[in-house]
Amino acid sequence: MAPISAQQVSNLLSSKVTGVEGNQFDKVEPDRCTPVAREVSPPLLVDRHPAAIQSGHWQTDDGGVVVEEIVAVYPSDFDPSAALSDARGAVESCAGTTMTVTTVHGRSYDFDAQPAASSPAGAVLWSLRGADWSCDNVLVAAHNAAIEITTCGAGGGLDTAGLATEALARIEALANAKV
């Protein structure tokens, strides 16, 4: 039996989430870099066939950084180490590649993918750097859950290592909850 049920998926979102998804990244060219940027049906999560998936949106108090959180709960055979390894491989394969990313509202950005120098245990961190908009991203996975967070702003996103720690704590709290 999996420690986190599909009905608990919304509990994986942070308390900062104020609404449903925002202007998510929908199309990515070249296609091989889709896993590192697409937020609509994000491949790093949906390709592992979640039992439940949900997303939410929030922004910093000054509105300078927007955040998309996408959370997923999987059947008991989910392998978090394999999910992180695949994410790391996808990020590394696109390192130094300029990609064009288009949002659901039709706005396009050119980004260069950059893996982080290091990532905390249970997480993969990477950045998408552009001339006028940049994003800092994280994928965490543990037990039978995964959380992908994209933080974007004119000067880049938020501290994704800190967000990774918080996201992993949410997974652990649900996995260890007594029902």
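# Close-up views of a predicted model

**Figure 1. The largest nonpolar core of the predicted model.** The largest nonpolar core has 31 residues, and those that touch the most other members are Val36, Met99, Phe111, Trp126, Leu128 and Leu139. Helix H3, which spans residues 80-94, gives the most to this core, with 6 residues. Apart from this core lies another one, of 25 residues, among them Leu13, Leu125, Ala142 and Leu174.

**Figure 2. The surroundings of Met99.** When neighbours within four places in sequence are left aside, the contacts of Met99 include Val28, Glu29, Pro30, Cys33, Val36 and Ala37. Met99 is also in contact with Cys94, Tyr109, Asp110, Phe111, Ala113 and Leu128. Among these partners, Glu29 and Pro30 are joined to each other by a cis peptide bond, with omega about 5°. Pro30 belongs to the loop between strand E1 (25-29) and helix H1 (34-37).

**Figure 3. Helix H4 and its buried side.** Helix H4 runs over residues 160-175. The distance from the first C-alpha of its 16 residues to the last is 22 Å, close to the 22 Å expected at 1.5 Å a residue. Which residues of H4 are buried? They are Thr160, Leu163, Ala164, Ala167, Leu168, Arg170, Ile171, Leu174 and Ala175. These residues lie on the same side of H4, because they cover an arc of only 150° around the axis. An α-helix has 3.6 residues a turn, so residues three or four places apart point the same way. Thr165 and Ala173, on the other side of H4, are exposed. The cover over the buried residues of H4 includes strands E3 (65-73), E6 (123-129), E7 and E8 (145-153).

**Figure 4. The N-terminal end of helix H4.** This end of H4 is capped by Asp159. One of the side-chain oxygens of Asp159 lies 3.2 Å from the backbone nitrogen of Ala161.

**Figure 5. Asp136, a buried residue of strand E7.** Asp136 is located in strand E7, which covers residues 134-142. Is Asp136 buried or exposed? Asp136 counts as buried because its relative accessibility is 10%, and the cut-off for a buried residue is under 20%. A polar atom of the Asp136 side chain lies 2.7 Å from the backbone nitrogen of Gly157. Beyond its neighbours within four places in sequence, Asp136 is in contact with Trp126, Ser127, Arg129, Ile149 and Thr150, among others. The contacts of Asp136 also include Thr151, Gly156, Gly157, Leu158 and Thr160.

**Figure 6. Strand E3 and its two pairings.** Strand E3 is largely enclosed by the rest of the structure, because 8 of its 9 residues are buried. Strand E2 (residues 52-59) runs antiparallel to E3, and 8 bridges join the two. Within this pairing, Ser55 has Ile70 of E3 as its bridge partner. E2 and E3 form a hairpin with 5 residues between them, and Gly63 in the turn has a positive phi of about 75°. E3 also pairs with E8, in the antiparallel sense, over 9 bridges. Here Val67 stands opposite Thr151 in E8, and Ala72 stands opposite Ala146 in E8.

**Figure 7. Strand E8, with buried residues pointing both ways.** E8 is largely enclosed by the rest of the structure, because 9 of its 9 residues are buried. Ala145, Ile147, Ile149, Thr151 and Gly153 point one way from the strand, whereas Ala146, Glu148, Thr150 and Cys152 point the other way. In a regular strand the side chains alternate between the two faces of the sheet. E8 pairs with E7 in the antiparallel sense over 9 bridges. In this pairing, Ala141 stands opposite Ala146 in E8.

**Figure 8. Two residues with positive phi, His143 and Ser41.** Where is His143 found? His143 is in the loop between E7 and E8. The hairpin of these strands has 2 residues between them. The phi of His143 is near 50°, a positive value in a residue other than glycine. His143 is partly exposed, with a relative accessible area of 32%. Ser41 likewise is not a glycine, and its phi is positive, at about 45°. Ser41 is placed in the loop between H1 and helix H2 (43-46). With a relative accessibility of 43%, Ser41 counts as partly exposed.

Conventions. Residues numbered from 1 in each chain as written. Predicted model: local features only at pLDDT ≥ 70, side-chain atom pairs only at ≥ 80, totals over all residues. Heavy atoms only, no water. Helix = DSSP H or I, 4+ residues; strand = E, 2+ residues; numbered from the N terminus. Buried < 20%, exposed > 50% of the residue type's maximum accessible area, 1.4 Å probe, protein only. Polar contact = N/O pair within 3.5 Å; in protein donor to acceptor, adjacent residues only side chain to side chain. Contact = heavy atoms within 4.5 Å. Expected span 1.5 Å × (residues − 1). Arc of directions from axis to C-beta. Pairing = 2+ DSSP bridges. Core = buried A, V, L, I, M, F, W, Y, C linked by side-chain atoms within 4.5 Å.
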